[in-house]
Amino acid sequence: MEHHMEHNGPFCQSCGMPVAEKDLLGTDREGIKTEEYCKYCYEDGEFKQPDITLQGMIDLCAGYLVQQGMDEAEAKGMLAQTLPLLKRWREESVS
Ligand SMILES: [Zn+2]
């Protein structure tokens, strides 16, 4: 399946967005940049949407990708394959 994540990391481990640019990086409790998460997901050591589910994150990210011109079904299909591999969701999906 064709996908659009051709950048060479790092990726946000919550939403999968490439965070190659430093000003996109989230911050930990001390305000220090972390390469694990983007600033939209993680700031000051806390997730900005602490209660969001994996499906919720797929829907949220798909909205952004559709705004960038991606087909909605294609975006959701890609996210459903890639987001569960990220650190935030790997840990949550173990039941
Ligand atoms: Zn993120």
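Biologist: What should I know before I start?

Modeller: The model is predicted, so local features need pLDDT of at least 70 and side-chain atom pairs count only at pLDDT 80 or more, while totals for chains, interfaces and linings use all residues. Residues are numbered from 1 along each chain as its sequence is written, and side-chain values use heavy atoms, with hydrogens and water left out.

Biologist: Let's begin with the metal. Which residues coordinate the zinc ion?

Modeller: Donors are N, O and S atoms within 2.8 Å of the metal (3.2 Å for Na, K and Ca); water is not among the atoms, so sites may look incomplete. Here the SG atoms of Cys12, Cys15, Cys38 and Cys41 coordinate the zinc ion at 2.2 to 2.3 Å. Along the sequence, these donor residues follow the spacing C-x2-C-x22-C-x2-C. Cys12, in the segment before strand 1, and Cys41, in the loop between strand 2 and strand 3 (42–43), are 29 residues apart, and the pair links distant parts of the chain. Helices (H or I, at least four residues) and strands (E, at least two) are DSSP runs, numbered from the N terminus.

Biologist: What is the geometry of the zinc site?

Modeller: Four donors count as tetrahedral if all angles lie between 85 and 135 degrees. The angles among the four donor atoms of the zinc ion are 106 to 115°, and the site is tetrahedral.

Biologist: Are Cys12 and Cys41 buried or exposed?

Modeller: Buried means under 20% relative accessible area, exposed over 50%, and partly exposed in between (1.4 Å probe, protein chains only). Cys12 has 0% relative accessibility and counts as buried; Cys41 is buried as well, with 3%.

Biologist: Which residues touch the most other members of the largest nonpolar core?

Modeller: In soluble globular proteins, nonpolar side chains tend to be buried together. A nonpolar core is a set of buried Ala, Val, Leu, Ile, Met, Phe, Trp, Tyr and Cys residues joined through side-chain atoms within 4.5 Å. The largest one here has 22 residues, and Cys12, Cys15, Cys41, Met57, Leu79 and Leu83 touch the most other members. Strand 2 (33–38), helix 1 (54–67) and helix 2 (72–82) each supply at least two residues of this core, and helix 1 gives the most, with five.

Biologist: What does Leu83 contact, leaving aside its neighbours within four places in sequence?

Modeller: Contact means heavy atoms within 4.5 Å. With those neighbours set aside, the contacts of Leu83 include Cys15, Met57, Cys61 and Trp89.

Biologist: How many aromatic pairs are there in the whole structure?

Modeller: A pair of aromatic rings is described by the distance of the centres and the angle of the planes. Rings of Phe, Tyr and Trp (its six-membered ring) pair if their centres lie within 6.5 Å; planes under 30 degrees apart count as stacked, over 60 as edge-to-face and the rest as tilted. A search of the whole structure finds three pairs. Tyr37 and Tyr42 form a tilted one, 4.8 Å centre to centre with 40° between the planes. The rings of Tyr42 and Phe47 are edge-to-face, with centres 5.2 Å apart and planes at 65°.

Technical notes:
Tetrahedral: all angles 85-135°; square planar, octahedral: opposite > 155°, others 65-115°.
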